[in-house]
Amino acid sequence: MYRNLPLESLVPNPRRANRMSRPSARKLENSIRRLGHYEAITVRPHPDLSGKFELLDGHSRLAALE
């Protein structure tokens with residue numbers, strides 16, 4: 001199921017495994033800016049924060065959108 005969520009409701013997962021290099025992050029930002037779309041970000045309701053969602057996949061895409 002897809003939903004639009006405000007960016008401020010998304011909380012990074014502190015145990016995220018993958019990190020993107022700065023040059024790769026710039027490429028991602030440029031691609032999103034140029035094409036106007038990106039793969040969906042996967043979240044779950046945050047286990048401790050009411051009304052927030054924890055990122056499971058898409059930390060780099062979120063950073064590019066911000």
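Is Ile32 buried or exposed, and at what relative accessibility? At 12% relative accessibility, Ile32 counts as buried, where buried means under 20% relative accessible area, exposed over 50%, and partly exposed in between (1.4 Å probe, protein chains only). The notes below start from the model as a whole and return to this residue.

1. Basis. This is a predicted model, in which local features need pLDDT of at least 70, side-chain atom pairs count only at pLDDT 80 or more, and totals for chains, interfaces and linings use all residues. Residues are numbered from 1 along each chain as its sequence is written, and side-chain values use heavy atoms, with hydrogens and water left out.

2. Elements and extent. The chain has two helices and three strands, and from the N terminus on they run β-α-β-β-α. Helices (H or I, at least four residues) and strands (E, at least two) are DSSP runs, numbered from the N terminus. The C-alpha trace spans about 35 × 25 × 20 Å along its principal axes.

3. Burial and surface. Of the 66 residues in the chain, 24% are buried. The accessible surface of the chain comes to about 5,200 Å², and carbon and sulfur atoms account for 50% of that surface. These areas come from the Shrake-Rupley method with a 1.4 Å probe; for residues, only the protein chains shown count as cover.

4. Contacts along the sequence. Contact means heavy atoms within 4.5 Å. Among contacts between residues at least 6 apart in sequence, 56% join residues at least 24 apart.

5. Charge. There are 12 positive and 7 negative side chains, and the centres of the two sets lie 6 Å apart. Lys and Arg count as positive and Asp and Glu as negative, while His and the chain ends are not counted. The place of a charge is taken as NZ of Lys, CZ of Arg, CG of Asp or CD of Glu.

6. Helix 1, length. Helix 1 covers residues 22-35, and at 1.5 Å a residue its 14 residues should span 20 Å. The expected span is 1.5 Å times one less than the number of residues. The end C-alpha atoms are 20 Å apart, which agrees. Gly36 follows helix 1 and has a positive phi, near 80°.

7. The buried residues of helix 1 are Ala25, Leu28, Glu29 and Ile32. They cover an arc of only 100° around the axis, which puts them on the same side of helix 1; the arc is that of the directions from the helix axis to the C-beta atoms. An α-helix has 3.6 residues a turn, so residues three or four places apart point the same way. On the other side of helix 1, Pro23, Lys27 and Arg34 are exposed. Helix 2 (59-65) is included in what covers the buried residues of helix 1.

8. Ile32. Ile32 is in helix 1. Not counting residues up to four places away in sequence, Ile32 touches His37, Tyr38, Ala64 and Leu65. Ile32 and Ala64 are 32 residues apart in sequence, with C-alpha atoms 7.8 Å apart in space.

9. Ser60. Ser60 lies in helix 2. Leaving aside neighbours within four places in sequence, Ser60 is in contact with Arg16, Met20 and Leu28. The C-alpha atoms of Ser60 and Ile32 are separated by 12 Å, the two residues being 28 residues apart along the chain.

10. Ser9 is found in the segment before strand 1 (10-11) and is buried, with a relative accessible area of 8%. Ser9 touches Gly51, Lys52 and Phe53, not counting residues up to four places away in sequence. Arg3 is also placed in the segment before strand 1, but Arg3 is exposed, with a relative accessible area of 55%.

11. Ser21. Ser21 lies in the loop between strand 1 and helix 1 and counts as partly exposed, at 38% relative accessibility. Ser21 and Gly36 are 15 residues apart in sequence and 22 Å apart in space, C-alpha to C-alpha.
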